[in-house]
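Me: I have a model open on my screen and would like to talk it through with you. Could we take it one question at a time?

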Amino acid sequence: MASLVETAKLNDVVPLGYLADVLTKIVNGHPNSQLEELLPWSYRTDKMVPIE
(Lines give C-alpha, C1' and ligand atoms only; values in the text may rest on other atoms or scores of the structure.)
Protein backbone atom coordinates (compact mmCIF):
# COMPACT_ATOMS: atom_id res chain seq x y z
CA MET A 1 0.00 0.00 0.00
CA ALA A 2 2.80 2.38 0.91
CA SER A 3 4.52 1.82 -2.44
CA LEU A 4 1.29 2.59 -4.33
CA VAL A 5 0.86 5.83 -2.40
CA GLU A 6 4.45 6.92 -2.99
CA THR A 7 4.34 5.93 -6.67
CA ALA A 8 1.13 7.92 -7.10
CA LYS A 9 2.82 10.96 -5.54
CA LEU A 10 5.83 10.58 -7.85
CA ASN A 11 3.46 10.55 -10.83
CA ASP A 12 1.54 13.66 -9.68
CA VAL A 13 -1.58 11.65 -8.82
CA VAL A 14 -3.49 12.40 -5.59
CA PRO A 15 -3.14 9.14 -3.62
CA LEU A 16 -6.53 9.13 -1.87
CA GLY A 17 -8.47 9.86 -5.05
CA TYR A 18 -6.37 7.34 -6.97
CA LEU A 19 -6.91 4.52 -4.47
CA ALA A 20 -10.63 5.22 -4.15
CA ASP A 21 -11.08 5.26 -7.91
CA VAL A 22 -9.00 2.15 -8.56
CA LEU A 23 -10.79 0.15 -5.87
CA THR A 24 -14.16 1.30 -7.25
CA LYS A 25 -13.17 0.22 -10.75
CA ILE A 26 -12.00 -3.19 -9.51
CA VAL A 27 -15.23 -3.75 -7.58
CA ASN A 28 -17.26 -2.73 -10.64
CA GLY A 29 -15.54 -5.37 -12.78
CA HIS A 30 -12.58 -3.69 -14.48
CA PRO A 31 -11.18 -6.31 -16.89
CA ASN A 32 -8.09 -8.20 -15.73
CA SER A 33 -6.63 -7.82 -19.20
CA GLN A 34 -6.51 -4.03 -18.71
CA LEU A 35 -4.91 -3.79 -15.26
CA GLU A 36 -2.02 -1.73 -16.64
CA GLU A 37 -4.50 1.16 -17.00
CA LEU A 38 -4.83 1.25 -13.21
CA LEU A 39 -1.13 1.62 -12.45
CA PRO A 40 -0.10 5.04 -11.13
CA TRP A 41 2.22 5.91 -14.03
CA SER A 42 -0.46 5.28 -16.65
CA TYR A 43 -3.37 6.58 -14.61
CA ARG A 44 -5.59 9.25 -16.12
CA THR A 45 -7.71 11.38 -13.80
CA ASP A 46 -10.02 12.36 -16.66
CA LYS A 47 -11.30 8.75 -16.64
CA MET A 48 -12.08 8.62 -12.92
CA VAL A 49 -15.32 6.99 -11.84
CA PRO A 50 -17.54 9.55 -10.08
CA ILE A 51 -18.22 8.72 -6.44
CA GLU A 52 -21.93 8.77 -5.71
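**Walking through the model**

Reply: Happy to! Asp-12 counts as exposed, because its relative accessibility is 75%. Do keep in mind that this is a predicted model.

Me: Thanks! Where is Asp-12 found, and what is its phi near?

Reply: Most residues other than glycine have a negative phi. Asp-12 has a positive value although it is a residue other than glycine. It is found in the loop between H1 and H2, and its phi is near 55°.

Me: How many helices and how many strands does the protein chain have?

Reply: Helix H1 covers residues 2-10, and helix H2 covers residues 15-27. The count for the protein chain is two helices and zero strands.

Me: How many salt bridges does a search of the whole structure find?

Reply: One of them joins Glu-6 and Lys-9, with the closest N and O atoms 3.4 Å apart. Asp-21 forms a salt bridge with Lys-25, and there the closest N and O atoms are 3.3 Å apart. Searching the whole structure gives a total of two.

Me: Why does Leu-19 count as buried, and what does it touch beyond four places in sequence?

Reply: Leu-19 is found in helix H2. It counts as buried because its relative accessibility is 18%, and the cut-off is under 20%. Leaving out residues up to four places away in sequence, Leu-19 touches Met-1, Leu-4 and Val-5.

Me: How far apart in space are Leu-19 and Pro-40, C-alpha to C-alpha?

Reply: In sequence, Leu-19 and Pro-40 are 21 residues apart. Pro-40 is also among the residues that Ala-8 touches, along with Val-13, Pro-15 and Tyr-18, not counting residues up to four places away in sequence. From C-alpha to C-alpha, Leu-19 and Pro-40 are separated by 9.5 Å.

Me: Is His-30 buried or exposed, and which residues is it in contact with beyond four places in sequence?

Reply: His-30 lies in the segment after H2. It is buried, with a relative accessible area of 17%. Leaving aside neighbours within four places in sequence, its contacts are Lys-25, Glu-37 and Leu-38.

Me: One last thing: what percentage of the accessible surface belongs to carbon and sulfur atoms?

Reply: Buried residues make up 23% of the 52 residues in the protein chain. The accessible surface of the chain comes to about 4000 Å². The share of that surface belonging to carbon and sulfur atoms is 61%.

Definitions and conventions:
Residues are numbered from 1 along each chain as its sequence is written. This is a predicted model: local features need pLDDT of at least 70, side-chain atom pairs count only at pLDDT 80 or more; totals for chains, interfaces and linings use all residues. Side-chain values use heavy atoms; hydrogens and water are left out. A salt bridge is a side-chain nitrogen of Lys or Arg within 4 Å of a carboxyl oxygen of Asp or Glu. Helices (H or I, at least four residues) and strands (E, at least two) are DSSP runs, numbered from the N terminus. Contact means heavy atoms within 4.5 Å. Buried means under 20% relative accessible area, exposed over 50%, partly exposed in between (1.4 Å probe, protein chains only). Accessible areas come from the Shrake-Rupley method with a 1.4 Å probe; for residues, only the protein chains shown count as cover.
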